[in-house]
Protein chains: 2
Amino acid sequence: MKIAIIGAACTKFGELWDKSLQDLLAESQLKALVDAKLDAKKIDAIFTGNMCSGMFSGQMHLGGMAAQILNTNCQSTTIEGACASGSLALRAGIMAIESGQAEVVMVNGVEKMTDLDSSITTTGLMGAGNHETEHFVGATFPGLNALIARIYMNQFGLTREELASVSVKNHKHGALNPNAHFQKEITIQNVINSQIIADPLTIFDCPPISDGAASLILSTEKFAQKHAFNKKTKIIYIIGSGQASDTLNLSQRESFVEFKASQLACKQALEIANIKIPDINVAEIHDGFSIMEIISLEDIGFFKKGEVGKATQNNLTTFGSKIVINPSGGLKAKGHPVGATGLSQAYEIVMQLRQECDKRQVKNANFGLTHNVGGCATTSVVHIFAKE
Amino acid sequence: MKIAIIGAACTKFGELWDKSLQDLLAESQLKALVDAKLDAKKIDAIFTGNMCSGMFSGQMHLGGMAAQILNTNCQSTTIEGACASGSLALRAGIMAIESGQAEVVMVNGVEKMTDLDSSITTTGLMGAGNHETEHFVGATFPGLNALIARIYMNQFGLTREELASVSVKNHKHGALNPNAHFQKEITIQNVINSQIIADPLTIFDCPPISDGAASLILSTEKFAQKHAFNKKTKIIYIIGSGQASDTLNLSQRESFVEFKASQLACKQALEIANIKIPDINVAEIHDGFSIMEIISLEDIGFFKKGEVGKATQNNLTTFGSKIVINPSGGLKAKGHPVGATGLSQAYEIVMQLRQECDKRQVKNANFGLTHNVGGCATTSVVHIFAKE
C-alpha cells in the first residue's frame with residue numbers, strides 16, 4: 001500500500017460559536033485544496049466522516065454538502081463509526097483509490113457540538129454504545145470509562161498520579177499547538193482535585209466538547225509525483241491501514257483492560273506497512289479518556305502491559321523520548337469534535353513528517369501512526385504514515 | 001466489473017411496532033446468511049446504510065451493532081447518504097472487494113421510523129436537504145417535490161391523472177408483494193381525491209413512513225463459484241455501478257425538471273456494464289414521490305422527455321410491457337424505510353433475476369437496474385444486475 005497525501009488541513013478546534021457545521025466543513029475543504037495547490041475539479045470522490053450532525057444540527061447528507069461546497073458532481077458519501085468516523089472516511093478514500101474508482105480523493109471529518117446543552121451532547125454521544133441495553137439503563141461514556149479505569153487500577157496497580165500524568169502530558173503538548181482547544185498546562189494536582197465526573201475520572205481525565213473539521217487530499221503515487229513536481233508540494237504516504245470491531249456492548253467483552261479491536265487493527269496495519277512498532281517515532285493515540293491512552297499504548301505494543309502509567313509519569317511519551325505520543329495535545333487538549341478527530345490525528349502526523357510543527361516538532365520523525373476508536377473501542381482504526 | 005451476490009434478504013416493510021432497530025438489522029443479516037448458506041466467519045467486511053437512527057432511536061454506530069450481531073471482529077462501517085444510504089453501502093461493499101481488501105462482504109440497510117410523531121419524522125428527513133438555508137425557511141421534502149411537480153406539469157403538460165397513474169401502478173404491484181407495506185390497489189380517483197399534502201401532491205403521491213431492513217452478501221466471482229458449487233446457491237452479478245452528486249440546495253440547480261446526478265450515475269453504470277438501456281427488462285426506480293418516478297425514468301433514458309406520464313397511464317411500465325418499473329411496489333407501496341430502500345431495490349432485482357418472484361415475476365428478466373436517490377437527487381446511485 002502506498003497512498004499519497006498531497007494536501008492536509010485542520011481548522012482551529014474549540015467552542016467556535018461563530019461557525020456553523022457548514023462553515024467548518026467548507027473551511028477545512030478549501031484549506032486542503034490550497035495546501036495541495038489543487039483545483040477542485042481534479043477530485044474524483046469525497047468521503048466525509050461525521051457522527052452527530054443529525055442529532056446536533058438536524059443536518060444529514062454531509063456528502064451532498066461537501067460536493068456542493070466544491071461545486072462538483074463527483075461521488076460524495078458520509079461515513080460514520082462514532083468517534084472513529086474520521087479515520088473510517090480515510091479508509092473509504094484509500095479503498096476508492098485502491099479499487100481503481102478514483103485517482104484523487106478528498107476525505108473530511110467534521111463535528112459541530114457546542115450549540116447544545118452538554119447533557120444533550122452526552123446523551124447523543126451514548127449513541128456510540130448500545131442504546132437499547134446500555135443507554136436505557138443509564139450508562140454514559142464517562143461512566144463506562146470510569147469502570148474500565150477502576151478495573152485497570154486494581155489489576156495493574158496504576159496510581160491516580162500516573163493516570164493523571166497522561167492528561168498533564170497532553171495539556172503540555174496542546175500548549176504548543178495553536179489549533180488546540182486548550183493551550184494551557186496543568187498539574188497532576190489540578191487533575192486529581194478537579195470536579196469528579198465518574199469516579200475515579202475527573203473533568204481533566206475527559207475530553208472537551210469541541211467544534212472542528214479536518215481534511216486530507218489523497219491520490220495515487222503516480223498522480224502525486226507528477227503534481228508535486230509541477231506544484232512543488234510535499235508528499236507524505238500512507239503505508240498501512242487496519243480496522244477491526246469488538247462488541248458494541250462493553251458487558252460482552254472478554255477483557256475490560258485491553259481492546260481486541262485495537263490489537264487486530266494495529267496488527268493488520270503493521271503487516272501491510274511491513275514495519276515494526278519500534279520504527280515509529282510519533283503517534284496520535286485516541287485518549288478519549290486518560291485511561292484509553294494507557295490501554296491503547298499497550299494494545300499497540302509501544303509498552304508492555306501495565307507499564308504505561310509509570311512510563312508516562314517518567315516522561316517516556318513526551319518530546320525527547322524514543323516515541324512521542326499525542327504531540328498535538330491529543331483529544332484531551334487539542335479537542336475532540338468526534339467526526340473530525342481521526343483526520344485531525346492524520347493531519348498532525350502529516351505535519352510532523354513534513355517537519356512543519358514548529359515548537360511541537362518531533363525530531364527525526366520518519367514513521368507516524370494514528371489510532372482512533374469509536375465507542376469503547378468497538379471500532380478501532382490504525383494508520384501508518386511514512387515520508388517516502 | 002463482476003461482483004457476485006450470493007445471498008439476499010429483506011424483512012417485511014411496514015409499521016413494525018414489535019421490532020426495534022436492532023431486531024430489524026439482526027433479522028435481515030441472519031436471513032441473508034441463511035439464503036447464502038454461509039457461515040458468518042466468512043464475512044471480511046460489513047457496510048450498513050442508515051440515515052436517521054441517531055435522530056429517531058438515539059443509536060449511532062450501527063457498524064458496531066452489525067458486527068456484534070454476527071459475533072465477528074471484522075471491519076464494519078456505517079454509510080449515509082440520506083435516502084440513498086442503502087445503495088451507498090452497496091457501493092462501499094463493491095469497493096472493498098475491488099480494492100482487494102475483502103473477498104466476502106455483507107451490506108445492510110436499515111431504518112426504524114415509526115416510533116415517533118410523524119412531524120418529527122418529516123423534520124428529521126429534511127436533514128437530507130440544507131438545514132441552514134432550506135429547512136430554516138420552512139421547506140420540507142413534500143413541499144420541494146410539489147414545486148418540482150408543478151413546474152414539470154406546466155412545462156410538459158403532464159395531467160393530474162397521468163401523475164396519479166404512477167401511484168396506481170405501484171400500488172397494483174405492491175398488492176402482489178407479501179413484504180410490501182401496502183398490499184392494496186388504488187384508483188386514479190383515490191389519488192386525486194385524497195388528502196392534499198403539498199399541492200398538487202396528495203398523500204397517495206407520497207411514500208409511507210416505514211420500518212424495515214435488507215441485506216446482501218457480495219463476493220468475488222471466484223469465491224461465489226466455488227461456494228455455489230458446494231452449496232447449490234444461485235448467483236446474480238452486479239455488472240455496473242455509478243454514483244454522482246448535485247447541489248444540496250434545490251434552489252441552486254440548473255434545472256428543476258431533470259436530475260443531473262441521476263443522468264451521470266446512470267451513464268457511469270451503463271459504461272461499466274457495457275450494455276444499453278433497451279437491454280434492461282426490470283428496474284426499481286426511486287419513486288420517493290410520484291413525480292420522481294416520472295423524471296427519473298426520463299433521466300435514465302427509458303422514455304423520452306415529457307412522455308412518461310402518458311406511458312404510465314397506457315400501461316407501458318407494468319407487467320407485460322417491454323420494461324417493468326417497480327415490480328416490488330416501489331417506495332410508494334412497498335414502503336420507504338430510508339436506509340433500507342436501496343438494498344430492498346437490489347433484493348427485488350436479485351429475486352426477479354433468480355425467477356423467485358411468484359405473482360409479480362417479470363418474464364425473461366435478464367438484466368435489472370436499481371436507481372436510488374438522496375434528497376432531491378443530490379446523491380444518485382445506479383446499479384446494473386445480470387444473471388451471469
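Q: In which strand is Ile46(B) found, and why is Ile46(B) called buried?
A: In this predicted model, Ile46(B) is found in strand β2 (residues 45-49) of chain B. Ile46(B) has 32 other C-beta atoms within 10 Å. The cut-off for buried is 20 or more, so Ile46(B) with its 32 counts as buried.

Q: What does Ile46(B) touch, leaving out residues up to four places away in sequence?
A: Ile46(B) touches Gly63(B), Ala66(B), Ala67(B), Cys74(B), Ser76(B) and Met106(B). Contact is a matter of C-beta atoms within 7 Å.

Q: What separates the C-alpha atoms of Ile46(B) and Ser85(B)?
A: The separation is 14 Å, and the two residues are 39 residues apart along the chain.

Q: Which residues make the contact of α4(B) with α14(B), and how do they divide by class?
A: From α4(B) come Ser85(B), Gly86(B), Ser87(B), Ala89(B) and Leu90(B). From α14(B) come Val338(B), Gly339(B), Ala340(B), Thr341(B), Gly342(B), Leu343(B) and Ala346(B). By class there are six nonpolar, six polar and no charged residues.

Q: Why does Ile5(A) count as buried?
A: Ile5(A), in strand β1 of chain A, has 28 C-beta neighbours inside 10 Å. Buried requires 20 or more, so Ile5(A) with 28 is buried.

Q: What is Ile5(A) in contact with, leaving aside its neighbours within four places in sequence?
A: Ile5(A) is in contact with Leu216(A), Leu218(A), Ile235(A), Ile236(A), Ile238(A) and Val350(A). Ile5(A) and Val350(A) are 345 residues apart along the chain, and their C-alpha atoms are separated by 8.0 Å.

Q: What are the domains of chain A, and how many residues of each are in contact with the other?
A: The domain assignment gives domain 1 (3-117 + 209-237) and domain 2 (140-208 + 238-386). Their centres, taken over C-alpha atoms, are separated by 23 Å. In contact are 41 residues of domain 1 and 36 residues of domain 2. On the domain 1 side, the elements that give two or more residues are β1 (3-10), α4, β4 (104-111), β7 (212-219) and β8 of chain A. α4(A) gives the most, with eight residues. The residues of this side divide into 24 nonpolar, 12 polar and five charged.

Q: How many residues of chain A are in contact with chain B, and which elements of chain A give two or more of them?
A: There are 54 residues of chain A in contact with 54 residues of chain B. The elements of chain A are α2 (53-57), α3 (62-70), β3 (75-80), α4 (85-98), β8 (236-245) and α10 (260-273). β3(A) gives the largest share, six residues. This side of chain A divides into 18 nonpolar, 31 polar and five charged residues.

Q: How do you know that β3(A) and β3(B) pair?
A: Pairing needs at least two bridges. β3(A) and strand β3 (residues 75-80) of chain B have three bridges, so they count as paired, in the antiparallel sense. Ile79(A) stands opposite Ile79(B) in β3(B).

Note on methods
Residues numbered from 1 in each chain as written. Chains lettered and ligands numbered in written order. Predicted model: local features only at pLDDT ≥ 70, side-chain atom pairs only at ≥ 80, totals over all residues. Helix = DSSP H or I, 4+ residues; strand = E, 2+ residues; numbered from the N terminus. Nonpolar A, V, L, I, M, F, W, Y, C, P; charged D, E, K, R; others polar. Domains from an automatic or database assignment. Buried ≥ 20, exposed ≤ 12 C-beta atoms within 10 Å, placed from the backbone.
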